[in-house]
Amino acid sequence: MKLLRLVALGLFVVVCRAAQKSEEGIVTGVVFGPAGEQPVEYATVALKKKTSGETVRTAATDRRGAFALESVPFGDYKVVYGLVGGDSQETPPFAVNAQHRSVALGRLVLTDGTVKMEKLEVNTRRDAFYKSIDRRVYNVGKDIQSVTGSASNLLQNVPSVQVDIEGNVSLRGDGNVLILINGKTSTMMGKNRAAVLEQMPADGIEKIEVITNPSAKYKPDGTAGIINITLKRKADPGYSGSVHVAVGNDDRYNSNVTASYHPGKYTFSGSAEVRQDDRPRFVNDERSHPDSKNTLVATQQNTTESSRPLSRVARAGVDYQADEHTKIGAAMNYNYRNFVRQATESSLTRTGAVVTKDYDRLRTNPNFQKDLEFTGTLQHSFPKEEQELTIEVKQGKTIEEEDNRYTVVYRLPFALKTFDNTLNRVTETSTEGTVDYIYPIGDKSKFEAGYNGLANKVDLDFRGTFLSPLTQTLQVDPQRTNRFIYDAMIHAVYSTYAHKLGNFGFLAGLRFERAVIHTDQFNTRLLDQNDYNRFYPSLHLNYNFTDRHQVQLNYSHRVHRPEGDDFNPFPKYQDPTNLRAGNPHLRPEEIHSVETGYQYKHNDTTYLATIYHRYRYHSMTDVARFVDSATLFPSRDGTVLFTTKENLGSSRSTGVELGATARLKERVSLNFSGNIYHNEIDASNLGFSSRRSTTAWDAKLNLNWDVTKTTLVQLNTNYTAKRLTPQGYRHPTYLANLGLRHNFKDKKMAFTLSVSDVFNSLKERTFIDTPALHQEVTRHRSSRIFYAGVIYNFGKPAKKTKDDLQFDNSL
């Protein structure tokens with residue numbers, strides 16, 4: 001806590017100094033098309049000195065045609081604006097001074113009959129990251145992993161985000177994260193999201209937004225917050241696209257093609273990717289416990305596994321601009337991944353000094369995962385600027401099937417080989433509808449309201465069979481055969497209000513949800529229903545002392561709902577010594593989160609500092625205990641490690657997060673982020689020690705070196721210190737990536753080379769230490785991956801016509 005007080009004091013001093021006046025201002029405006037009715041996205045804007053014509057600031061307009069040129073030194077200027085590569089126009093001269101710190105240029109209309117001026121050439125660097133009122137935005141276009149790698153590779157380089165060896169994503173050490181695509185939920189980010197993120201091509205990602213305290217507009221799911229992946233959207237006139245091919249070690253390869261065609265009112269876009277991966281994995285599991293006679297029973301399991309996942313990902317979409325105010329869209333997302341897993345698990349058990357069990361369990365597992373999603377959208381903008389209505393309907397289906405075929409070879413006690421199969425099939429369907437309405441109130445205020453309805457059904461079908469030693473035929477094993485249905489309906493309404501008063505701004509919101517959840521365990525005829533209502537408030541405060549200095553304070557209330565299989569009480573048989581089951585009495589995990597932050601931004605330098613506190617209750621966690629297997633399966637004897645879900649009493653986390661980006665020299669830039677926090681867990685309701693606490697931290701460092709104007713070398717490193725769990729802790733992890741990119745002179749082709757996990761250090765070690773169980777598990781995979789790739793961009797712009805407003809999105 002002393003550390004937190006020192007940091008808080010440091011922030012206070014910085015803020016006090018920031019309150020001093022700075023000789024800088026801001027210039028804003030909105031660019032419209034020739035008719036003066038439709039805003040122009042991706043128009044280029046340059047702020048130039050009145051006399052010399054020197055370019056001081058550059059920007060591109062957003063989808064509403066708006067731009068903001070910040071941190072403008074006092075002086076006399078003009079603004080030059082236009083389409084990339086097209087004719088440009090300029091504003092009359094104006095002054096930025098103490099009396100005119102904020103200059104609003106208003107509506108800037110592109111006209112067809114303007115006098116031809118110089119071509120607009122923009123050569124500017126995008127900020128590596130920046131902070132808005134409710135999120136931190138990370139531009140990933142320069143990350144070499146964004147070309148050769150997957151979305152998972154890219155997320156490893158984002159501050160506050162961790163990706164473990166299985167591809168699971170966490171935020172500030174919390175795995176309860178809601179992942180959005182373009183600000184919306186997606187079937188692709190459901191049960192199989194770790195696999196989908198490992199397949200999603202990173203070169204299709206424009207930016208990643210981290211929202212640790214989301215507003216009431218967003219779903220409250222995910223106690224850690226939201227990660228929003230924004231995909232690249234191109235609406236260039238004519239056609240454009242790119243082809244990317246890369247090959248890696250161990251017969252890995254990936255290739256993808258993206259294309260868009262924009263002839264007029266229609267915009268067609270699509271992409272397809274094929275990725276062949278190689279996944280060797282190694283697991284060492286050592287555990288011990290006292291038996292009923294207080295004799296130590298120790299088991300050691302070593303697992304070697306190999307698989308070669310083949311993934312196919314496709315996306316297609318069409319937008320139709322019905323009129324100047326209405327746009328209709330449809331999109332399809334498809335993902336299919338299949339592989340055959342081959343594994344050998346060697347298990348040795350000692351009771352005291354005597355070996356009591358010694359066997360190998362061989363596994364062959366054909367596996368496939370399929371996701372299909374359809375989306376329809378309607379966007380209508382009203383004559384009043386920024387007033388907008390959006391309606392979206394989404395239908396998705398996910399199917400995952402594992403056909404596990406086991407052979408057990410016994411060495412001790414001597415027995416014949418046994419054969420058993422387990423067919424696991426999970427089918428998830430969802431239908432979602434959203435309505436969002438935005439209404440601006442003057443120039444300083446905005447009201448938003450909306451509705452979201454979600455119907456989600458999960459069908460878990462597990463079928464176990466064994467080979468009868470008498471008949472040599474497969475027979476149903478009732479102890480491993482069960483079916484479980486999870487059916488949920490969630491209705492939500494929300495409203496938010498934003499207002500800006502001088503340098504002060506706030507965003508307040510409230511969300512109400514009604515959840516109705518039904519579960520049905522077919523085998524035991526155990527029916528259950530859980531209905532509840534919740535309010536989820538949010539508040540964001542923001543104050544800009546100057547254009548360089550900004551402070552924020554925000555709060556949100558969020559929830560983590562159990563998934564379908566978390567409720568299923570029927571034990572799942574993993575191997576002779578491991579069982580897992582859900583808990584039908586689980587309650588939703590809830591969290592209250594408060595954080596305050598400071599941002600300094602000037603030219604290529606940005607500093608971020610955040611202090612946060614999180615209080616959560618009913619936290620869901622895995623709890624492992626040794627139990628008598630006869631209590632679960634009457635026909636079996638001995639003890640097994642039984643893992644299930646439980647709700648903790650409560651936990652608290654208080655931490656400091658720091659971030660910085662700066663250019664050390666003209667060709668070298670550095671991005672750093674770090675997070676240190678104190679975590680305290682109260683698991684007394686589960687029979688463990690009343691309170692456990694630790695201080696943990698993680699840090700990331702990214703170095704970019706522009707060797708020449710066309711060649712970039714990049715180094716990414718991250719380190720995560722030891723972390724606390726309810727029964728033990730996780731050991732530290734370290735990772736380093738290295739890459740190179742060379743752009744050819746024609747700018748249509750580029751060559752990339754990358755090495756993931758340079759030191760082959762990525763491994764996961766977990767430790768459990770309780771009076772009844774001591775366990776250490778190490779998971780490792782051959783994660784050092786080499787890739788060499790080539791990118792080719794193609795396209796042909798459409799010719800301009802006086803009747804058609806064309807957009808050029810390329811910068």
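How many helices and how many strands does the protein chain have? In this predicted model, the protein chain has five helices and 48 strands.

**The chain as a whole**

- The protein chain has 811 residues, and 50% of them count as buried.
- Among contacts between residues at least 6 apart in sequence, 66% join residues that are at least 24 apart.

**A buried residue: Arg 511**

- Arg 511 lies in strand β29, which covers residues 504-521.
- Is Arg 511 buried or exposed? Arg 511 counts as buried because its relative accessibility is 2%, and the cut-off for buried is under 20%.
- Once neighbours within four places in sequence are left aside, Arg 511 is in contact with residues from several parts of the sequence, including Ala 216, Tyr 218, Asn 452, Tyr 494 and Phe 535.
- Arg 511 and Tyr 451 are 60 residues apart along the chain, and their C-alpha atoms are separated by 9.6 Å.

- Val 243, Val 245, Val 257, Phe 744, Met 749, Phe 751, Leu 753, Val 790 and Tyr 792 form a nonpolar surface patch of about 670 Å².
- Strands β16 (238-248), β45 (749-756) and β48 (785-796) are the elements that each give two or more residues to this patch.
- Which element gives the most to the nonpolar patch? That element is β45, with three residues.
- Val 245, a member of the patch, is found in strand β16.
- Val 245 counts as partly exposed because its relative accessibility is 44%, which falls between the 20% limit for buried and the 50% limit for exposed.

**A patch of negative charge**

- Which residues gather in a patch of negative charge on the surface? They are Asp 62, Glu 385, Glu 386 and Asp 443.
- Glu 386 is placed in the loop between β23 (354-381) and β24 (388-412).
- With a relative accessibility of 37%, Glu 386 therefore counts as partly exposed.

Key. Residues numbered from 1 in each chain as written. Predicted model: local features only at pLDDT ≥ 70, side-chain atom pairs only at ≥ 80, totals over all residues. Heavy atoms only, no water. Patch = residues over 30% accessible without salt bridge, like charges linked within 9 Å, V, L, I, M, F, W, Y side chains within 5 Å. Areas by Shrake-Rupley, 256 points an atom, 1.4 Å probe, with all protein chains shown as cover. Salt bridge = Lys/Arg side-chain N within 4 Å of Asp/Glu carboxyl O. Lys, Arg positive; Asp, Glu negative; His and termini not counted. Charge placed at Lys NZ, Arg CZ, Asp CG, Glu CD. Helix = DSSP H or I, 4+ residues; strand = E, 2+ residues; numbered from the N terminus. Buried < 20%, exposed > 50% of the residue type's maximum accessible area, 1.4 Å probe, protein only. Contact = heavy atoms within 4.5 Å.
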